[in-house]
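Hello,

Here is the structure I promised to send over. Please have a look at it first, and then read on for what turned up.

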Amino acid sequence: MLKSILAIILCLCSTLATAQVNEYVLKNGLKLLVKEDHRAPVVVSQVWYKVGSSYEYDGLTGVSHALEHMMFKGTKKHGEGEFSRIIAENGGSENAFTGDDYTCYFQTMEKSRLAISFELEADRMRNLTLPEDEFLKEIEVVMEERRMRTEDNPNAYMREVANATAFQSSPYRQPVIGWMADLKSMKIQHLRDWYKLWYAPNNATVVVVGDVESEEVYALAKKYFASLKKENIIPPSPRPEVHQSGMKRVIVKRQAEVPQLNMAWKTPGLISAAGPKPSVEIWEPYALEVLSGILSGGNSARFESRLVRGQQVAAGVGSDYQLTGRFDGLFSVSATPAQNRTIAELEAAITEQIQQLSEHEVSAEELLRIKAQVVSSDVYQRDSAFYQAMVLGTFETVGLGWKQADEYVNQVQQITAAQVQAVAKKYLVDDQLTVTVLDPLPMDAAAAPVPAAMGDQNVR
Amino acid sequence: MYAKFLLLLALVSFNAIAAPEIQTWQTNRGIKVYFVRTEQLPILDIQVVFDAGSVRDPVDKRGLSLLVNSLLDQAAGGQDADQISAGFEGYGAEYSAQSGYDSASVSIRSLSDSDRLQPALANLHTVLTRPDFREADLERQRNQVLVGLQRNQQSPSDIAEEKFLAAIYKDHPYAYLNEGTVESLAKITHDDLVTFHASLYTASNAMVTIVGNTDRAGAEAIAVQLTGDLPEGVKPAPMDSVRPLAAAESISIAHPSSQVHILIGQPGMRYGDPDYFPLYVGNHILGGNGLVSRISDEVREKRGLSYSAGSYFAPRRDMGPFLASIQVRGDQAAEGLAVLKKTISDFIAQGPTAEELDAVKKNITGGFPLRIDSNKKISGYLSVIGFYGLPLDYLDRFNDRIESITVEQIKDAFTRRIDSNKFVTVQVGPVAQTGSGN
């Protein structure tokens with residue numbers, strides 16, 4: 001039975017070749033990637049900038065994300081709120097997101113309206129007004145966002161500590177939304193400087209996926225983006241993570257109900273295998289990807305089977321490997337203890353699973369399951385034009401190049417049990433580990449940081 | 001440039017976007033099937049839906065429907081969870097189970113070639129019809145739900161939602177979380193699971209949706225294979241109706257967070273509601289359309305008080321909630337609440353402007369193709385159309401319905417249906433605790 005599954009997988013790969021991506025570069029350095037997908041009369045358009053929190057430095061964390069908010073506050077041509085209003089009137093859905101390594105703006109629209117998206121994006125690439133009065137309101141919104149996402153969410157707060165502890169010199173130690181103190185001291189001039197540094201055609205990639213013709217999109221891109229001036233982009237200084245020499249352990253005491261455990265090992269990302277200066281074998285990141293699938297890729301994976309169902313030590317447990325990034329990242333395991341089980345028991349159980357991976361090869365059946373899942377999810381993901389654009393934009397913007405994304409399925413297919421064992425042995429070692437524990441304090445409402453001006457605001 | 005946008009709009013409206021062709025029939029057992037054929041990708045999305053949501057929970061056993069639904073794949077036909085999950089995942093299929101207030105369902109996404117589809121279907125059939133409900137699985141699953149309920153208590157937004165639902169629905173089953181309560185979960189036994197499954201996961205209570213790469217004969221065969229031997233069962237009796245709120249109520253819960261989460265609202269509307277379209281379009285203007293809506297404009301854009309600010313109707317079989325929410329710093333809660341309330345009551349009193357209505361119609365009708373641009377989204381529409389008995393031409397007529405709505409209809413519908421003098425207001429965060437009451 002297993003053999004026959006493998007045969008099916010192989011033949012599917014060859015019949016369902018990935019849809020073609022067309023790459024264009026304008027004279028001003030703007031890169032355009034177009035993937036035609038004619039399933040629905042819809043087009044996804046994303047503009048990716050090579051800037052994010054990993055480009056920021058101490059005292060100015062969160063500036064990329066704050067600038068992302070301000071990108072909706074108007075240009076000389078289109079006043080405050082016009083961008084969103086015009087997209088909305090054209091039936092579009094739009095938003096933006098900021099990550100460690102990128103800032104991305106996107107619209108999904110009926111296919112004939114791509115020009116509207118291009119005109120507006122080209123305009124705000126160089127002509128943002130960044131008025132101070134709008135900034136003073138918007139930075140308050142960003143602080144509220146941080147309060148909602150991080151300050152008042154014990155698990156998110158703990159993840160922030162885990163990151164800041166695991167990384168010592170790498171900019172990945174900084175939260176994307178920024179430290180609260182930095183948000184409070186941020187000035188409009190910081191954003192104006194940041195905008196000038198990074199928002200230029202030669203630092204951007206436009207990704208279009210949908211019911212379009214590539215050459216027509218190229219012509220449209222030239223029409224709207226070609227006149228934009230290049231900027232002299234000075235690459236950020238490389239800030240490699242220093243070698244970790246020994247396990248780190250941190251306890252977060254925070255008002256919460258349920259304890260939480262995070263274990264994170266330093267691991268090479270794909271950038272260290274397929275980037276400009278390879279330092280590890282090409283198969284190593286893919287073996288880590290497979291390893292993550294062995295542990296938590298579904299209900300039949302080891303964590304669910306052994307820790308949630310078998311030993312019943314976890315109420316929930318999952319793993320995450322950072323494959324794509326400008327720098328090396330983490331392989332991390334996040335877990336919640338089952339009722340009446342301790343963090344210590346949970347940590348021991350996870351450690352045992354990691355140890356087994358470095359001592360024994362995974363079974364042929366497990367490996368086949370991962371490969372079947374990777375092949376099928378590669379097909380399922382094509383049900384979403386947005387996701388396809390996300391993959392291209394991410395790979396291109398972190399410096400891997402979009403073509404590397406096409407390698408994914410084939411590379412995973414080639415991974416052997418011995419290679420999975422090898423990366424477990426090499427990277428999932430104690431000296432490279434950071435353990436973070438959320439140790440709940442009682443949820444005593446009286447201990448809340450009640451602000452001074454509280455007197456009359458209680459509702460009947 | 002603006003003129004060019006208008007020109008594009010004009011061109012588009014001539015080329016109406018075709019909605020997917022929905023085929024529907026009944027199996028020999030009388031089970032309704034909703035099918036859309038899409039051939040571009042070799043995949044299938046298949047869902048079996050039952051009238052077995054948490055409204056069917058016994059009064060003292062809230063949470064039973066969710067436990068039944070989540071235990072289906074934990075042991076069935078003598079196989080344990082390892083074998084069952086390997087039976088899906090080994091073929092690249094994705095199994096999921098969903099349990100809501102009105103309905104419960106199981107679904108798979110699979111590649112459509114029969115070598116992989118058939119084993120996944122056979123496995124789904126076993127899960128659906130022969131769950132074993134082992135005691136050990138029940139205990140484990142119950143404990144997981146309890147951990148989830150405990151975790152809710154560290155989240156101001158989860159606490160606020162729980163209090164809000166309890167306050168607007170009183171003794172109606174919509175008042176409870178699907179997860180049930182610590183007390184009700186403790187009462188659920190193996191026999192309860194078996195009885196619930198036997199009486200509600202039945203032919204007279206089921207429907208099937210299929211979207212993807214197969215033909216009509218293939219879809220017919222899939223439906224029969226999955227549901228052909230379901231027990232007949234009986235259709236459950238209609239639920240008691242949601243009652244409108246009699247009076248306003250304010251609830252403040254002290255919580256050690258930096259923000260106050262504020263929810264206000266009341267029971268809203270149902271699927272198939274005669275006021276569905278005026279309320280939907282009106283709310284799009286009021287708070288349902290992201291940064292462009294009034295609530296977001298007043299609370300976030302003009303005053304910088306909250307990151308997320310908006311309102312929505314969540315239609316159900318009976319009146320689902322109408323809910324507006326913001327999260328603001330503790331010392332700005334009073335201002336935030338005042339702005340939110342005034343924005344809503346002004347809208348109810350005055351209705352939208354003609355310009356607002358025109359803009360929102362363009363937004364909704366122009367965005368119609370986005371609603372049906374993937375198999376996943378089409379599948380979602382099929383289960384809503386089928387379960388709630390919406391007309392089969394719902395999608396075909398959607399844009400015409402939107403276009404026909406007038407300012408007066410919105411004002412009329414909001415005036416009749418939304419009463420800001422009877423809103424439930426919930427605040428969770430750094431507030432003085434008042435408990436429940438006026």
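Two residues count as being in contact if their C-beta atoms, placed from the backbone, lie within 7 Å. On that basis, 75 residues of chain A are in contact with 77 residues of chain B. Please keep in mind that this is a predicted model.

On the side of chain A that touches chain B, several elements each supply at least two residues, among them α1 (2-15), α3 (82-89), β5 (103-110) and α14 (364-380). The element that gives the most to this side is α5(A), with 9 residues. By residue type, the side of chain A that touches chain B divides into 32 nonpolar, 21 polar and 22 charged residues.

Now to chain A by itself. Chain A has 17 helices and 11 strands, and its C-alpha trace spans about 70 × 60 × 45 Å along the principal axes. The radius of gyration of chain A is 24 Å, which agrees with a compact globule, because one with 460 residues would have a value near 23 Å. Of the 460 residues in chain A, 52% are buried. Taking contacts in chain A between residues at least 6 apart in sequence, 81% join residues at least 24 apart.

The largest nonpolar core holds 251 residues, and B:Ile210 and B:Leu340 touch the most other members. Leaving aside residues up to four places away in sequence, B:Ile210 touches B:Val33, B:Phe35, B:Leu44, B:Ile46, B:Ala219, B:Ile222 and B:Ala223.

Best wishes

Methods:
Residues numbered from 1 in each chain as written. Chains lettered and ligands numbered in written order. Predicted model: local features only at pLDDT ≥ 70, side-chain atom pairs only at ≥ 80, totals over all residues. Helix = DSSP H or I, 4+ residues; strand = E, 2+ residues; numbered from the N terminus. Nonpolar A, V, L, I, M, F, W, Y, C, P; charged D, E, K, R; others polar. Core = buried A, V, L, I, M, F, W, Y, C linked by C-beta atoms within 7 Å. Buried ≥ 20, exposed ≤ 12 C-beta atoms within 10 Å, placed from the backbone. Rg over C-alpha atoms; globule rule 2.2 N^0.38 Å.
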